[in-house]
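Q: Hi! I'm new to this one, could you walk me through it? Here it is.

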Amino acid sequence: MLGYILKRFAVMVVTLWIIITLTFVLMVTLPGSPLNEERTTNETVQANLEAHYNLDEPYYIQYLLYIKSIVTFDFGPSIKQPTETVNDLLGRGFPISFELGMATIIVAVISGIILGIFAALKHNGIIDYLAMTIAVLGISIPNFVLATLLIQTLAVYWNILPAATWSSPVHMIMPTIALATGPMAIIARLTRSTMLEVLTQDYIKMARAKGLKPWKIIIKHALKNALMPVVTIMGTLLAGILTGTFVIEQIFGIPGMGKYFVESINQRDYPVIMGTTVFYSAFLIVMLFLVDIAYGFLDPRIKLHTKGGD
Amino acid sequence: MTSSDQTKFVHSPADIPDDWFKWKDKDPEAAETVSRPSLSYWKDAWKRLKKNKLAMAGLVFLVILGILAVIGPILSPYVVTDQNRPDQFLPPSIDHWFGTDSLGRDVFTRTWYGARISLFVGLMAALIDFFVGVIYGGVSGYKGGRTDSLMMRIIEILYGLPYLLVVILLLVVMGPSLTTIIIALSVTGWVGMARIVRGQVLQIKNFEFVLASKSFGTRTPRIIRKNLLPNTMGPIIVQMTLTVPNAIFAEAFLSFLGLGIQSPYASWGVMANDALGAILSGYWWTLFFPAFFISFTMFAFNVLGDGLQDALDPKLRK
């Protein structure tokens, strides 16, 4: 197990290093200096500014300083809003985005699993077809389309839910639905197909022969195994949800990190773009690592494998 | 074959008495003739796909969409970028079948122009994935050993990179355009394909027919081309059909964020973004048509992919 964790950890560190280096290389190759826009500055001021941001140093020193700033979690100031640092934006926006993301994951996982189980139990029945139609639609409708549809119907037409902002739990309903539908559909399809496979296994027949109650068989015996693939794709789903928050927050006017990120893209505010990318990438890569470790704990085969390998 | 009341133990095939066997058909000659028409793998798959109504509906939709994407903008008397302020927000009518948008541009023309962009991005992404993924996965799986584990380490690392974030980063630096979108999508997109091809090749390369081919002295490229690839084509095609909707979504998503195709040119994502403000005022058609076609195209590719997955799986052959 320790060997497995160490191996995953090594992969995580290399991936982190690649994304950090990639952002650095892209930042350096950007045409012009980040300070070029202040046309009025004279040469001394320009030189001082460059010295202040260490832009006069050779690339390898800049690279080391860049890595140092990331390790110490200091992403520097925003160019377009000089009074704010990227850290300020992250500190303000990330908790909100995190809240939205967590709500989405909880809703997606629970509803996806329930939908998948019912579809599998009523295989080829009406519920199965209904659940899978919902699932394929959920995968096919982009979240920004769903979000606008929801606003148009629930907020504008029927006026039952608030259309925008983020001030009460009621405001969370629509963004969460818009964001959770896609992941829910993927989880439902995955749960259904593995559930169908698991239900034909001998140990399920055995449990049934023992006279266990059907719901007990499903929860104790079938579900545990059927959920493994869901754990596997959690990392990918997280990435999808996270990038999904960019548009959802923009549409619903939620003051989360995604909104700042999109604004920074439109304003070409490079430090914010780079800082957010590195922060979000690191967040996702660490999450992926944790998912892998969780998977290692849940799946006994992995433990056996590494024991043999050591 | 044997029933439980058989008392005699059988140790080798030679011990089995002849009277245990009987001819299944009365005429042993008749058993030798092929009763069902010989079908190649592809014919069989096509036959089974045709039975899947939903997948066929998806295919028909995509063919029509493809045709309209080509001839739609030509049929229409309007030009994609033509603005006509007095005509803004006209509802669908004989003149403007899908209505007009905030700048008086014809939504019908823009929708088909957007279809071109979406299909082009989707197909290019799938093609690039195909070439890079098949070569990478094929080499990795066929070579095996150290080459394989090194190549798989690289994949493992790339797989951990957050795909859309990298794409956004690349687009910010390279500047938004159709080419950069396709490049950015291809940089990390091929990883899934390479994994699938590698897994398949790893499995198939040890089958007897490959061994037989090798023992005849067939050279490696020919083995890969003639023995391995045709047998991995099923999963590859399925993966390609599922790559297309992902790429279409990514393009729409990026255009929606302002990183893709730039207004005045049209893509479904751009149109959806332009329509955001307008639908609140009730101009539903500005959003409805691009949204409908994004969703239905993705739906069609998804059901077609699902159908192909079943049709191309030899295990499900009846």
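Q: How far apart are the end C-alpha atoms of residues 9-30 of chain A?
A: They lie 32 Å apart, and the span is 95% helix and 0% strand. Helices here are DSSP runs of H or I with at least four residues, strands are E runs of at least two, and both are numbered from the N terminus. Keep in mind that this is a predicted model, where local features need pLDDT of at least 70, side-chain atom pairs count only at pLDDT 80 or more, and totals for chains, interfaces and linings use all residues. Residues are numbered from 1 along each chain as its sequence is written, chains are lettered from A and ligands numbered from 1 in the order in which they are written, and side-chain values use heavy atoms, with hydrogens and water left out.

Q: And what does UniProt call that stretch?
A: The unreviewed UniProt entry annotates "transmembrane region" at residues 9-30, 100-121, 133-160, 172-191, 226-252 and 272-298 of chain A. UniProt positions are given in the numbering used here, feature names are shortened, and annotations may be inferred rather than shown by experiment.

Q: What about residues 172-191 of chain A, how much of that span is helix?
A: That span is 100% helix and 0% strand, with its end C-alpha atoms 26 Å apart.

Q: Which residues of chain A does UniProt list for the domain?
A: For "domain: ABC transmembrane type-1", the unreviewed entry lists residues 94-291 of chain A. The end C-alpha atoms of that span lie 21 Å apart, and the span is 85% helix and 0% strand.

Q: Zooming out, how many helices are there in chain A?
A: Chain A has 13 helices and zero strands. Its C-alpha atoms fill a box of roughly 85 × 65 × 30 Å along the principal axes. Of its 310 residues, 45% count as buried, where buried means under 20% relative accessible area, exposed means over 50%, and partly exposed is in between (1.4 Å probe, protein chains only).

Q: Is A:Gly235 buried or exposed?
A: A:Gly235 counts as buried because its relative accessibility is 7%. This glycine is found in helix α10 of chain A. Its C-alpha atom is separated by 8.6 Å from that of A:Asp292, 57 residues apart along the chain.

Q: New topic: how many cavities are there of 30 Å³ or more?
A: The count comes to two. A cavity is a set of points on a 1 Å grid over the protein atoms alone where a 1.4 Å probe fits but cannot get out, and lining residues have an atom within 4 Å of a point. Grid points are joined across faces, edges and corners, and a volume is the space filled by probe spheres set on the points. The largest cavity has a volume of about 140 Å³.

Q: Which residues lie nearest the centre of the largest cavity?
A: A:Ser97, A:Phe98, A:Gly101, A:Leu242 and A:Phe283 do, out of 13 lining residues. Two or more lining residues each come from α4 (86-121), α10 (228-252) and α12 (270-298) of chain A. The largest share, six residues, is from α4(A).

Q: How does that lining divide into nonpolar, polar and charged?
A: There are 10 nonpolar, three polar and no charged residues. Ala, Val, Leu, Ile, Met, Phe, Trp, Tyr, Cys and Pro count as nonpolar, Asp, Glu, Lys and Arg as charged, and the others, Gly among them, as polar.

Q: Now chain B, how many helices there?
A: Chain B has 11 helices and zero strands. Buried residues make up 47% of its 318 residues.

Q: How many aromatic pairs are there over all chains?
A: There are 25. Rings of Phe, Tyr and Trp (its six-membered ring) pair if their centres lie within 6.5 Å; planes under 30 degrees apart count as stacked, over 60 as edge-to-face and the rest as tilted. One of the pairs is B:Phe108 with B:Trp112, which is edge-to-face at 5.9 Å centre to centre and 85 degrees between the planes.

Q: Where do B:Phe108 and B:Trp112 lie?
A: Both lie in helix α4 (residues 107-143) of chain B, four residues apart, about one turn of the helix. B:Phe108 is buried, at 12% relative accessible area, and B:Trp112 is buried too, at 3%. Ring pairs link them into a cluster with other residues, including B:Phe61 and B:Trp268.

Conventions:
1 Å grid on protein atoms, 1.4 Å probe; cavity = no way out; pocket = protein on both sides within 12 Å on 5 of 7 lines; lining within 4 Å.
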